[in-house]
Amino acid sequence: MGHPNPDADVIVVGAGPAGSATAFHLARHGVNVLLLEKSEFPREKVCGDGLTPRAVKQLVAMGLDTDADGWARNRGLRVIGAGVRLELDWPDLSSFPNYGLTRTRLDFDEMLARRAVDVGAKLQTSTTVTRAYRDDRTGRVVGVQATDGPGGEPKTYRAPLVVAADGVSGRFPLSMGLAKRPDRPIGVAVRRYYHSPLRHDDPYLESWLELRSKDGADTLLPGYGWIFGMGDGRVNVGLGVLNSSVDFGRSNYREMLVDWLGSTPAEWGMNDEANAAGPIMGAALPMGFNRVPHYTRGLMLVGDSGGMVNPFNGEGIAYAMESGELAAEVAVHALAERDQIRRERTLAHYPTELRARYGGYYRLGGWFVKLIGHPQVMRFAAKHGMPHPTLMRFVLKLLANLADHRGGDAMGRVINAMTKVVPAV
């Protein structure tokens with residue numbers, strides 16, 4: 001299959017969390033992996049920088065020392081809404097750690113890529129992949145076409161299998177005709193760093209269900225907000241708006257962020273431009289499998305490229321890394337098959353397993369997104385749900401997708417049952 005003299009067994013396009021996790025798990029199984037990244041490290045990425053226990057589990061599996069400098073631990077989530085402030089610790093489960101983390105994406109992605117290199121992957125930066133290289137006879141992907149460095153000459157890299165991990169833009173799958181599905185949820189988020197000695201070492205991630213304008217306590221802004229302490233004197237502050245909101249695409253999200261922060265206490269340092277530690281930056285959040293199929297003609301999609309952000313909470317890193325691990329596992333078995341038909345059958349297991357793991361949960365998330373797109377529904381839920389800590393602990397488990405799959409508590413069993421009875425996306 002493919003070119004008789006390939007450059008690698010697998011080419012991974014993009015060295016973000018999805019691509020680096022894929023390359024790591026492939027390389028540790030002895031697969032010859034070429035990891036292509038268009039930028040040079042370190043590089044900035046728009047992100048909330050908050051990592052739930054689900055993401056922490058993946059970091060530990062890759063051998064990262066989360067007790068080292070640069071990591072800030074958190075105990076759980078503080079939810080603010082309807083006049084209530086509720087602190088919810090991460091659940092104590094056998095399947096996941098009981099702590100979360102924050103770390104800036106400026107060096108987070110590089111750490112993951114270097115871990116892939118440590119176990120044998122070949123990393124090549126400043127390489128911009130432009131499109132798929134396909135077999136003229138079968139139409140199958142057998143490599144990529146790219147340019148190395150600014151103004152570099154076009155070059156072809158060949159491999160019998162390619163993994164697209166090129167993030168939200170998904171330019172590589174787009175070159176294969178794989179566009180985003182308009183019927184799946186998508187969000188937009190903007191964030192900014194601020195110097196905030198008072199809030200930077202907060203032991204909880206903070207989520208705001210209601211955003212108030214600085215012009216008046218009765219003026220509600222669309223979307224939800226967050227304040228995540230980075231542990232280094234800074235906080236990551238941002239807001240997100242979902243496409244189920246009537247304000248999606250109609251608002252200036254940067255102005256909204258400044259407006260909301262203008263209503264926060266002055267001592268936090270987030271309503272003073274002088275405390276800003278960089279510009280406001282924004283990005284899309286592709287949710288609920290909004291690009292499919294996740295395998296076709298020699299191409300696998302992982303992470304944001306396959307629209308794998310959790311619709312409930314906007315978390316993307318955990319699912320990027322989990323999908324990378326699964327893609328690697330399937331690819332290892334497929335590459336061991338000499339028969340082309342059996343190899344394709346094995347690769348087709350990847351989207352099947354993704355649907356089995358996340359399909360029902362993402363369907364629930366899609367319904368959730370539609371509901372909270374109506375401000376009156378969001379206000380009703382906050383008003384009547386927030387005063388009940390037990391209910392909110394269940395909501396935290398549901399939104400963060402934290403439940404033991406076997407032998408868990410009653411809340412976990414309910415969540416598992418809900419995701420099984422709902423048709424997969």
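Me: Buried means under 20% relative accessible area, exposed means over 50%, and partly exposed lies in between (1.4 Å probe, protein chains only). Why is Asn-401 called buried?

Reply: Asn-401 has a relative accessible area of 10%, and buried asks for under 20%, so Asn-401 counts as buried. Keep in mind that this is a predicted model, where local features need pLDDT of at least 70 and side-chain atom pairs count only at pLDDT 80 or more, while totals for chains, interfaces and linings use all residues. Residues are numbered from 1 along each chain as its sequence is written, and side-chain values use heavy atoms, with hydrogens and water left out.

Me: Where is Asn-401 found?

Reply: Asn-401 is in the loop between helix H10 (389-400) and H11. Helices (H or I, at least four residues) and strands (E, at least two) are DSSP runs, numbered from the N terminus. The phi of Asn-401 is positive, near 55°, in a residue other than glycine.

Me: What is the phi of Asp-49, and what makes Asp-49 buried?

Reply: Asp-49 is not a glycine, yet its phi is positive at about 70°. Its relative accessible area is 2%, so Asp-49 is buried. Asp-49 belongs to the loop between E2 and E3.

Me: Which residue in the loop between strand E2 (33-36) and strand E3 (50-51) is a proline, and what is the omega of the peptide bond from Phe-41?

Reply: Pro-42 is found in that loop, and the bond from Phe-41 to Pro-42 is cis, with omega near -5°. Val-292 and Pro-293 are also joined by a cis peptide bond, with omega about 0°. Pro-293 sits in the loop between strand E19 (281-286) and strand E20 (295-296).

Me: How do you know which residues His-200 is in contact with?

Reply: Contact means heavy atoms within 4.5 Å. Leaving aside neighbours within four places in sequence, His-200 is in contact with Gly-229, Met-230, Gly-231, Asp-232, Gly-233, Arg-234 and Val-235. His-200 is in the loop between strand E13 (186-195) and strand E14 (204-208), and its relative accessible area of 16% is why His-200 is called buried.

Me: What makes Gly-229 count as buried?

Reply: Its relative accessibility is 10%, so Gly-229 counts as buried. Gly-229 is in strand E17 (residues 224-229). Beyond neighbours within four places in sequence, Gly-229 is in contact with Ala-72, Thr-102, Arg-199, His-200, Arg-234 and Val-235. The C-alpha atom of Gly-229 is separated by 8.8 Å from that of Gly-50, 179 residues apart along the chain.

Me: Now helix H8. How do you know whether its span agrees with its 24 residues?

Reply: The expected span of a helix is 1.5 Å times one less than its number of residues. For H8 this gives 34 Å, and its end C-alpha atoms are 34 Å apart, so the two agree.

Me: Where does H8 bend?

Reply: H8 bends by about 50° at Tyr-358. That value is the angle between axes fitted to the seven residues ending there and the seven starting there.

Me: What makes Gly-365 buried?

Reply: Gly-365 has a relative accessible area of 0%, so Gly-365 is buried. The buried residues of H8 also include Tyr-358, Gly-359 and Gly-360. The C-alpha atoms of Gly-365 and Phe-312, 53 residues apart along the chain, are separated by 5.1 Å.

Me: What is the volume of the second largest pocket?

Reply: About 740 Å³, where a volume is the space filled by probe spheres set on grid points, which are joined across faces, edges and corners. On a 1 Å grid over the protein atoms alone, a cavity is a set of points where a 1.4 Å probe fits but cannot get out, while a pocket is an open set with protein on both sides within 12 Å along at least five of seven lines; lining residues have an atom within 4 Å of a point.

Me: Which residues are the closest to its centre?

Reply: Of the 28 lining residues, they are Arg-54, Ala-356, Arg-357, Tyr-358 and His-405. H8 supplies the largest share of the lining, 8 residues.
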